Amino acid sequence: MPFKIILTLSVLTHLVVQAQPAPTYSWTNLPKIAQPTFRKDTLNILTYGAKPDGITLNTKAINTAILACSQKGVALYLCRAVCG
């Protein structure tokens, strides 16, 4: 009985894998990546003194930007220039 269950699951798994062909990517057929968009009321932490040099500790600039978000009622702040 356990053998039949394992065999059935194996066959079903094989059929599912065959039913979903993997996309073939090449240099001429790369996946499309959506460009991120930010709301107009998004704050940039560079304007609060953050430095994207990988050395500077930007804690104060980030905290100041978060405080400004709170005061302005903005829910987002932009960190991509410093964090990645």
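Leaving aside neighbours within four places in sequence, Lys72 is in contact with Leu43 and Tyr48, a contact being defined by heavy atoms within 4.5 Å. Lys72 lies in helix α2, and its C-alpha atom is 9.0 Å from that of Asp41, 31 residues away in sequence. Lys72 counts as exposed because its relative accessibility is 58%; the cut-offs are over 50% for exposed, under 20% for buried and in between for partly exposed, with a 1.4 Å probe and protein chains only.

The model is predicted, with local features requiring pLDDT of at least 70 and side-chain atom pairs counted only at pLDDT 80 or more, while totals for chains, interfaces and linings use all residues. Residues are numbered from 1 along each chain as its sequence is written, and side-chain values use heavy atoms, with hydrogens and water left out. The mean pLDDT of the protein is 74, and 64% of its residues reach 70 or more; pLDDT is the predictor's confidence in each residue, from 0 to 100.

The secondary structure consists of three helices and two strands, arranged from the N terminus as α-β-α-β-α. Among the elements, α2 has the highest mean pLDDT (86), and helix α3 (residues 80–83) has the lowest (54). Of the 84 residues, 14% count as buried. The accessible surface comes to about 7400 Å², 65% of which belongs to carbon and sulfur atoms; areas come from the Shrake-Rupley method with a 1.4 Å probe, and for residues only the protein chains shown count as cover. Among contacts between residues at least 6 apart in sequence, 59% join residues at least 24 apart.

Helix α2 has 14 residues and should span 20 Å at 1.5 Å a residue, which agrees with the 20 Å between its end C-alpha atoms. The expected span is 1.5 Å times one less than the number of residues. Within α2, Ala61, Ala65, Ala68 and Cys69 are buried. These residues lie on the same side of α2, because they cover an arc of only 105° around the axis, the arc being that of the directions from the helix axis to the C-beta atoms. An α-helix has 3.6 residues a turn, so residues three or four places apart point the same way. The face turned away from the buried side of α2 carries the exposed residues Lys60, Ser70 and Gln71. Thr64, also in α2, counts as partly exposed because its relative accessibility is 34%. Gly73 follows α2 and has a positive phi, near 80°.

The loop between β1 (43–44) and α2 (59–72) contains Ala50. Ala50 counts as buried because its relative accessibility is 6%. A C-alpha separation of 5.3 Å is found between Ala50 and Ala61, 11 residues apart along the chain. Asn58 is likewise found in the loop between β1 and α2, and its relative accessible area of 8% makes it buried. The side chain of Asn58 reaches the backbone nitrogen of Lys51 at 2.9 Å.

Definitions and conventions
Helices (H or I, at least four residues) and strands (E, at least two) are DSSP runs, numbered from the N terminus. A polar contact is a pair of N or O atoms within 3.5 Å; within protein, one must be able to donate a hydrogen and the other to accept it, and residues adjacent in sequence count only if both atoms are side-chain atoms.
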